[in-house]
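Colleague: Please take me through this model step by step, and state the cut-offs behind each term as we go.

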Amino acid sequence: MNSMDEKLSAYLDNMLPEEERASLESLLAASPEIAARLEALALANTDFIARAAEIDRIPMSDGLRIQLESLRSAAHGPPSNVTAFRPRSALSRFFNDHRAVAACAAVAAGFFAWQSVVPGPVPAPSDGIDPGGLIIAESPLGRMLAASPSETPVPLGDGQEGRVRFSFASSDGGWCRLADIEAPDGTSRLVACQSGEDWRMMMAAYTGPAGDPGPDVYRTASAQAAASVEALLDTLMADAPLAPEDEEALINAGWNQP
Amino acid sequence: MTASKNDLHLAILDATPHVRRFAFSLCRNAVDADDLVQSTIERVLAKGTPEGTDMKRWMFRLCRNLWIDGLRAKAVRTGAQPDLELATPDTVSAEIEAGGRMMLAKAEAAIEALPPNYRDVLALVAVGGSSYKEASEVLEVPVGTVMSRLARARAMLADATGYAA
């Protein structure tokens, strides 16, 4: 057993004592190899959670449905034809517990890991994203998420261009957006969701290089991480992407419509 | 109906979505998972719950035990030995080494091939939200074993899926 894997795994579960946690975060910031290992373990964890959540979309067997209706009827009186099914998702808990670390170990792993995962418009957590994963409203990224209609290119500075691909209602009842960021050195895909008045990074994945990075350039395994964005969407999306007119109405309302 | 029985039913209803995910992460098959959840509910209704027990945790424990019983029964029927404790990581890599498959298919295959004693601890903690202590009580193993199995399970999935750097 690799003791570093154990530490990283406990870190993902938020089970490390404060001192060990701080020590590990310093190590993550200093070591791209360890940051990449954390990313790999986090991706695997996310896959597992996402697969478990797939059953929420599968209709219950008749036997279980009838059994639950019977329990509901006994507890509440007249039967209902639907069993309430809105648990707090483990995925949400995972993301909340680890802030924007999520599957890509980005923020907590520090500046280097963040850059390697998202070589786009958010070069450092202090420049667009706070250490808690909140996207700063006044940053170019924050403004794009708040106000840009889907499929509209938005200059983000330093030769980078962002484009929201679509918006959707999340299974937790909020609003989320998926966006691509094109930078001279690669493309990233991110999912951000509303958190109060702000937007919070849920996941960011490096999805492709702009060219051959050469042998000396560190890159995480994030081309594969795009699959985890898909898995996240599977879990997070309550319904189809919003129609343009609905999205426009929400933008105009500051994303405050229920 | 007595108030306590009413409470029991409500607690079961509240816990069931979580237990269903938990069961699905163990069985990897919706039909089997729903059967497992049904059996779990029947067990709770028949035997009740110990005083002061959290229903979700209790149902996880029953569900996991029923699943293990099912694995053992299946092993007896097929003549195979239930390998609940000594599965090795090689099982995963051998299963999914076919190459050329999409990442999601690889992830699915890796999860499918995860040995039971790694799958249940990951289901308890990652899906069920159990603490290490709670998981150790359900699995009846030390907390250190929970930690090492979790790390091993994630490492096996990451390595088999190709996430590892």
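Colleague: How many helices and strands does the secondary structure of chain B come to?

Modeller: Both kinds of element are DSSP runs numbered from the N terminus, where a helix is a run of H or I with at least four residues and a strand is a run of E with at least two. From the N terminus on, the elements of chain B run α-α-α-α-α-α-α-α. The secondary structure of chain B therefore comes, by that DSSP assignment, to 8 helices and 0 strands.

Colleague: What pLDDT do local features need in this model?

Modeller: Residues are numbered from 1 along each chain as its sequence is written, while chains are lettered from A and ligands numbered from 1 in the order in which they are written. This is a predicted model, in which totals for chains, interfaces and linings use all residues, side-chain atom pairs count only at pLDDT 80 or more, and local features need pLDDT of at least 70.

Colleague: What percentage of the 165 residues in chain B do buried residues make up?

Modeller: With C-beta atoms placed from the backbone, a residue is buried if 20 or more other C-beta atoms lie within 10 Å of its own, exposed if 12 or fewer do, and partly exposed in between. In chain A, which has 258 residues, the buried ones make up 45%. In chain B the buried residues make up 47%.

Colleague: How many of the 12 residues of helix H6 (residues 116-127) of chain B are buried?

Modeller: Among the buried residues of H6(B) are Tyr118(B), Arg119(B), Asp120(B) and Val127(B), and just after this helix Gly129(B) takes a positive phi of about 75°. H6(B) is largely enclosed by the rest of the structure, because the number of its 12 residues that are buried is 10.

Colleague: Is H7(B) roughly parallel or roughly perpendicular to H8(B)?

Modeller: Axes are lines fitted to C-alpha atoms, for helices over the stretch in contact, with angles running from 0 to 180 degrees between N-to-C directions; under 35 degrees counts as roughly parallel, over 145 as roughly antiparallel, 65 to 115 as roughly perpendicular and the rest as oblique. The axes of helix H7 (residues 132-139) of chain B and helix H8 of chain B come within 8 Å and cross at roughly 100°. That makes H7(B), relative to H8(B), roughly perpendicular.

Colleague: How many nonpolar residues does the contact of H3(A) with H8(B) have?

Modeller: Ala, Val, Leu, Ile, Met, Phe, Trp, Tyr, Cys and Pro count as nonpolar, Asp, Glu, Lys and Arg as charged, and the others, Gly among them, as polar. H3(A) and helix H8 (residues 143-161) of chain B pack at an angle of about 95°, with their axes 8 Å apart. Residues of H3(A) including Ala40(A), Leu43(A) and Phe48(A) meet residues of H8(B), including Arg154(B) and Leu157(B). By class, this contact has 2 charged and 2 polar residues, and its nonpolar residues number 8.

Colleague: Over how many bridges do E3(A) and E4(A) pair?

Modeller: Two strands pair if DSSP finds at least two bridges between them. E3(A) and E4(A) form a hairpin with 5 residues between them, and Gly173(A) in the turn has a positive phi of about 95°. Ala169(A) stands opposite Trp175(A) in E4(A), and the two strands pair in the antiparallel sense over a number of bridges that comes to 8.

Notes
Two residues are in contact if their C-beta atoms, placed from the backbone, lie within 7 Å.
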